[in-house]
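Student: I am new to reading structures of this kind. Could you take me through the features one at a time, giving the general idea and then the case here?

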Amino acid sequence: MEVGQMQRQWLDYTRSLFLEGFLDAQFMQLQQLQDENNPDFVVEVVSLFFQDSERLLKDLTFALDQNAVDFKKVDAHVHQLKGSSSSIGAQRVKNACIDFRNFCEEQNIDACLRCLQQVKEEYCLVKNKLETLFRLEQQIVAVGGSIPLVEPTQMSF
Amino acid sequence: MGMAAAESQFHVLAVDDSLIDRKLIERLLKTSSYQVTTVDSGSKALEFLGLSETDESNPSTPSVSPNNHHQEVEVNLVITDYCMPGMTGYDLLKKIKESSSLRNIPVVIMSSENVPSRINRCLEEGAEEFFLKPVRLSDLNKLKPHMKKTKLKDQKQGTSEKLENSEVQQLQPQQQIQNDLQGVPKSQDPQPESESHLEQQQQSLQQANNNKRKTIEQGLSPETDRTRPRYSGIATVV
């Protein structure tokens with residue numbers, strides 16, 4: 001595949017992630033903060049997000065599995081997950097966390113378990129999508145191409 | 001170019017318990033050509049500022065270590081997360097404002113939650129700004145005027161460097177305009193000019209809507225509604 005075609009493919013894929021709401025404008029901020037001095041900034045921050053999320057999802061699964069659920073603790077974990085997902089622009093994970101926190105407040109264990117499932121699904125989805133995106137980037141760089149600049153107007157918010 | 005050199009002298013201490021957010025704020029600040037130090041807690045921030053915590057039990061006495069007159073590294077601004085385990089951003093703000101040696105350092109609070117009472121409390125306690133997370137490049141343009149203020153305050157006390165500082169002072173208005181321009185993403189929808197003028201007029205009618213107020217008003221709607229049109233409508237957001 002020639003570079004131009006790969007770049008178009010990357011752009012189309014990026015656009016689909018915004019259109020389907022997996023990513024929001026915050027992800028674009030990350031892309032804007034990446035420059036030749038920090039060529040891996042997005043990958044670095046997103047990798048931290050993966051590590052953070054996996055730890056928190058494990059902690060949440062454990063916390064909700066107790067006989068007496070400590071909802072304060074659950075809420076604190078969800079709060080963190082909401083923060084990091086919002087910091088990288090993983091919009092659907094963030095939204096799932098917002099619902100989750102409402103049920104924590106109500107101390108509704110069944111709803112919390114459903115929310116945990118939902119958050120896990122959204123996390124896996126966006127993780128796969130981002131990994132695909134990064135793979136496309138690597139392919140472009142491997143043939144000496146550069147990652148196209150994303151124009152906010154090309155993405156509809 | 002000389003301007004960039006002067007700007008790089010501003011040193012920001014960023015405090016956040018989240019590693020992701022520290023990375024982010026560090027990059028944001030460096031992109032805006034500030035010198036940055038990041039720490040992961042309020043107590044480490046105080047330590048960096050040279051304020052000992054030994055007399056924490058007695059807050060009425062100035063909680064200051066003996067030879068603290070100036071921290072070794074000058075800090076022009078502290079930007080801190082609100083919600084942190086142990087010492088919150090609010091606690092840190094109070095400590096700084098209670099300290100005779102530190103109280104002139106401007107403090108900016110960041111929070112992912114838009115809680116009006118929280119915002120008011122921080123502003124009343126002396127915070128210069130309250131940023132909603134995630135913080136944007138455009139937010140950072142609001143930092144510079146606060147740092148200029150401290151530079152000038154320092155100048156009144158100090159005797160040397162007068163010339164240099166007054167130069168910085170003169171540059172300020174022009175620099176500010178440039179910064180504002182930089183804050184606007186280059187590739188925006190070219191909004192019809194007349195429309196944005198109308199908006200400006202409407203906004204100047206209700207003069208009170210500065211940034212702080214706006215944040216509070218947004219807080220009245222549920223959090224999920226916080227979908228600020230960040231790029232598409234930015235031309236009309238003055």
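**Reading the two chains**

Tutor: His79(A) counts as buried, because its relative accessibility is 15%. Buried means under 20% relative accessible area, exposed over 50%, and partly exposed in between, with a 1.4 Å probe and protein chains only. The model is predicted: local features need pLDDT of at least 70 and side-chain atom pairs count only at pLDDT 80 or more, while totals for chains, interfaces and linings use all residues. Residues are numbered from 1 along each chain as its sequence is written, chains are lettered from A and ligands numbered from 1 in the order in which they are written, and side-chain values use heavy atoms, leaving out hydrogens and water.

Student: What feature does UniProt place at His79(A)?

Tutor: An unreviewed UniProt entry gives "modified residue: Phosphohistidine" at His79(A). UniProt positions follow the numbering used here, feature names are shortened, and annotations may be inferred rather than shown by experiment.

Student: Where does His79(A) lie, and which residues does His79(A) touch?

Tutor: Helix α4 (residues 71-88) of chain A holds His79(A). Helices (H or I, at least four residues) and strands (E, at least two) are DSSP runs numbered from the N terminus. Leaving aside residues up to four places away in sequence, His79(A) touches Arg101(A) in chain A, and Cys83(B), Ser112(B) and Glu113(B) in chain B. Contact means heavy atoms within 4.5 Å.

Student: How many helices and strands does chain A have?

Tutor: Chain A has 6 helices and 0 strands, in the order α-α-α-α-α-α along the sequence. Of its 157 residues, 47% are buried. Among chain A contacts between residues at least 6 apart in sequence, 70% join residues at least 24 apart.

Student: What are the corresponding values for chain B?

Tutor: Chain B has 10 helices and 5 strands. Its 238 residues include 43% that count as buried. Of the contacts in chain B with a separation of 6 or more, 68% come from residues 24 or more positions apart.

Student: Which feature is recorded at Asp81(B), and is Asp81(B) buried or exposed?

Tutor: The UniProt record, an unreviewed entry, places "modified residue: 4-aspartylphosphate" at Asp81(B). Asp81(B) belongs to strand β3 of chain B and is buried, with a relative accessible area of 6%. Not counting residues up to four places away in sequence, Asp81(B) touches Val15(B), Asp16(B), Asp17(B), Gly89(B), Met110(B), Ser111(B) and Lys133(B).

Student: Gly89(B) is one of the buried residues of α4(B). Why is α4(B) described as largely enclosed?

Tutor: In helix α4 (residues 89-98) of chain B, 7 of the 10 residues are buried, so the rest of the structure largely encloses the helix. Those residues are Gly89(B), Tyr90(B), Leu92(B), Leu93(B), Lys95(B), Ile96(B) and Lys97(B). They pack against β1 (11-15), α3 (42-49), β3 (77-81), β4 (107-111) and α5 (116-124) of chain B.

Student: How do I read the packing of two helices?

Tutor: Packed helices are described by the angle between their axes and the distance between those axes. Axes are lines fitted to C-alpha atoms, for helices over the stretch in contact, and angles run from 0 to 180 degrees between N-to-C directions. For α3(B) and α4(B), the angle is about 25° and the axes are 9 Å apart. The two helices are therefore roughly parallel to each other; angles under 35 degrees count as roughly parallel, over 145 as roughly antiparallel, 65 to 115 as roughly perpendicular and the rest as oblique.

Student: Which residues make the contact between α3(B) and α4(B)?

Tutor: From α3(B) come Gly42(B), Ala45(B), Leu46(B) and Leu49(B), and from α4(B) come Leu92(B), Lys95(B) and Ile96(B). Leu46(B) is buried, with a relative accessible area of 1%. The C-alpha atoms of Leu46(B) and Ile96(B) are 8.0 Å apart, although the two residues are 50 residues apart along the chain.

Student: What should I look for in the backbone?

Tutor: Most residues other than glycine have a negative phi, and most peptide bonds are trans. Gln107(A) has a positive phi, near 55°, and is found in the loop between α5 (91-106) and α6 (109-142) of chain A. Gln107(A) is exposed, at 52% relative accessible area. Ser33(B), also not a glycine, has a positive phi of about 55°; Ser33(B) is partly exposed, at 30%. The peptide bond from Lys133(B) to Pro134(B) is cis, with omega near -5°. Pro134(B) sits in the loop between β5 (129-132) and α6 (137-140) of chain B.
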